[in-house]
Amino acid sequence: MEDRYNPHQIEEKWQRYWGEKGLFEVVEDPAKKKYYILEMFPYPSGKIHMGHVRNYSIGDVVARYKMMQGYNVLHPMGWDAFGLPAENAAIGHKVHPAKWTYDNIDYMRRQMKRMGFSYDWDREIASCHPGYYKWNQWFFLKMYERGLAYRKKSFVNWCESCKTVLANEQVEAGLCWRCSTEVTQKELEQWFLKITKYAEELLKGCDELSDGWPEKVLTMQRNWIGKSYGAEVDFPVADSDKAIRIFTTRQDTLYGATFMSLAPEHPFSKELSAGTSQEKEVLDFISQVSREDKIERSAEDVEKRGVFTGRYAVNPFTNDKIPIWVANFVLMEYGTGAVMAVPAHDQRDLDFARKYNIPVKVVIHPYDGTLDEDTMTEAYIEEGYLVNSGQFNGMNSIEALDKIAEYLGEKGIGKRTVNYRIRDWGVSRQRYWGTPIPMIYCDECGTVPVPYEQLPVILPVDIEFRGDGRSPLPETESFLFTDCPKCNSRARRETDTLDTFVCSSWYFDRYTCPRYDKGPLDKKAVNYWMPVDQYIGGIEHAILHLLYSRFFTMVLRDIGVLEVGEPYNSLLTQGMVIKDGAKMAKSKGNVVDPNDIIEKYGADTTRLFILFTSPPERDLDWSDQGVEGAFRFINRVWRMVMGNLEKVRDIPPYADGETIPDNLRNLRRKTHQTIKKVTEDIEDRFHFNTAISAIMELVNTIYQFDIANEKEYLYLTLSVLREAIETVITLLSPVAPHICEELWEKLGGKQSVIKSQWPSYNEEIIREDEILIVVQINGKLRSRISVSASSSEDEIKKAAINAPRVKELLRDNEIKRIVYIPGKLVNIVTK
């Protein structure tokens, strides 16, 4: 036997071989069926962690498996390279974001290559490269032309000390993460993309994706889009020509509205209180709420707080004056940012009304009783009949929804409508490290798009990066000032940059033609490869990234650069890697560096452990003992092959035809059962853990196989053994490719194992000679019997009745019927 298994020597050898041969480089080939496998591209944070390793190992198994099935497989990798962390690192380490980013990319690329992932590195992209973000700008201009990109005022988190906008994650307990100054809301002009125009198509697409996407993700997207049917109603502001427009899904309760609630961000919140005795109280309340998390504000268990504006609205159904309040639980992002409050039939409104002594008016009674509006503590939200509702009294509340919606239209005070919870995508970022927005502001011409021929608008990297968090772009005159494309007068560039989600909303398209320079996409290439057949990433991206990339794909289709309307056919969301009861994180001090594991055990062991320990959709608990176990198995495979190498090297694997004895038949059966199990586990379920377990069982069977007992059939014996050993190597190769390449070569393989065909199984061989049948009497287990797999139903029933234990229990009992479940169970019924 050769020397012991040396993972580092083997892995370096085969990684070099794959690179020299360009084994994973692909081009479009209409003669072959394509398969596009993609893991979400990473942010170049400095080092890959075990979460990355898990994600990429899952994708690599599928890629290699599909290659061995004969598919033309595209498996690319790149870098989501713009973003706030680079700016934070620049401040903390006093290094330019560009240098920090590209240095990290170089380091992480080396790490990935050490893992042996089958990436086509010729297609590598980095979103911070002008050759990439030029097309971000191109798409933005196309959207601007179509009215899908527009500018409006919006509230942002503002730190007065740093003079900068903060992302939500930079606000800690209402304070700036950098200087601990209190964060306020500030209204700024921002650019938006009109994702709401595609709300209905995005929603319908969720149904079409149900075969390939996790239902949990689709449910999250449906809820985020938030389609609801209802009515818009105008409530006039008393002593004014203004009206407050509300959206409600409960127009059957309009007669019960006793106050109005405005979001603190609603323009009327300040306007209506201006000049009243309530103005200061309202402004103070708005300032206070503006520092609170919006999701927490709307949570059911958060205290409901508000302030009276000093003004009243008129209920258009009752003509009653009702007070207008500003409330913390109302969000500008839903409906119109204004709510008609019906405390008798909405628990949140009831809690608020009781707290501030606002009247409660019942307008729906249950059919089995009545409600007391003075004492009720729980809002009635079920079906009932209308009361205190004018001409609609006595009507069923469900029927009243349509009738009152019609009435609104007839009277001109409202209309039936559909509302979506989703809001347009704000893409302005007051940061430096991002794609410059290609717009120019001219005092004469207004807002002017940068001409296409002037793209890309280059993000200057030869400037001093500030240490206070503020973007240097507004103070960099060489970037800021330019000529107006229309009148040639002095003008200013937009100094905001695009949200980095723009970069990740189409990168999968660019992988199909990464060096194409005649447009954003080569239609021939992108239409061959897209859509992505299998996408893999974390559940944390279920809404924003996945929704934005679906929106982008629809827009790109509509502007004529894509044919497909959805980017991903199938989606797998892998679980987290857990250690010591918590997700691996630097802040928790529980991070395991993949480099340490590779140095000690090798990449194949790392991959095997990460794939064997848990199904991909579940969290994985890290175990040092588990890694040791994976290493022992890898060594066991090595010894198995090397121990039999001289015997089987020159023997071809067994081919069907020649009769073989039982012992050989049993080994062949196990071999083909394993092929079937592994194939189905990868193809249908991505359950690599059970696939690996099946391979382990086959290895055990091979170890137990005794060649000495088969001297009479030595050639047949060795050919069956060769088939089993080859099967272990080919089935294991997507998981542990380096050792399998080495062993394949030692067995006489003339080319890479990945070029060999994925093994097929024979159902006739898999079928057992005998099957085990459970025997029940009146549904209770009484015995088990072994019968020939070819036995008829009558023969099996007869054998069950005559089984000694069954025969004794039946005695003189009359058998009324016998239920037979083929290949599994006989139930004898006597009662």
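How far is the sulfur of C442 from the closest cysteine sulfur, and in which residue does that sulfur lie? The sulfur of C442 is 3.7 Å from the one in C487, which is too far for a bond.

The model is predicted, so local features need pLDDT of at least 70 and side-chain atom pairs count only at pLDDT 80 or more, while totals for chains, interfaces and linings use all residues. Residues are numbered from 1 along each chain as its sequence is written, and side-chain values use heavy atoms, with hydrogens and water left out.

A disulfide is a covalent bond between the sulfur atoms of two cysteines. Here it is counted when a pair of cysteine sulfur atoms lies within 2.5 Å, and by this rule the count comes to 0. C128 is in no disulfide, for the nearest cysteine sulfur, that of C503, is 8.8 Å away.

The table lists residues that count as buried (under 20% relative accessible area, with a 1.4 Å probe and protein chains only).

| Residue | Relative accessible area |
|---|---|
| C128 | 6% |
| C442 | 5% |
| L572 | 11% |

L572 has its place in strand β25, residues 568-574, where a strand is a DSSP run of E with at least two residues, numbered from the N terminus. Beyond its neighbours within four places in sequence, L572 is in contact (heavy atoms within 4.5 Å) with residues including I58, Y535 and F686.

T336, by contrast, is found in the loop between β12 (321-327) and β13 (338-341). A polar atom of the T336 side chain lies 2.6 Å from the backbone oxygen of R245, and the backbone nitrogen of A338 lies 3.4 Å from a polar atom of that side chain.

Conventions. Helix = DSSP H or I, 4+ residues; strand = E, 2+ residues; numbered from the N terminus. Buried < 20%, exposed > 50% of the residue type's maximum accessible area, 1.4 Å probe, protein only. Polar contact = N/O pair within 3.5 Å; in protein donor to acceptor, adjacent residues only side chain to side chain.
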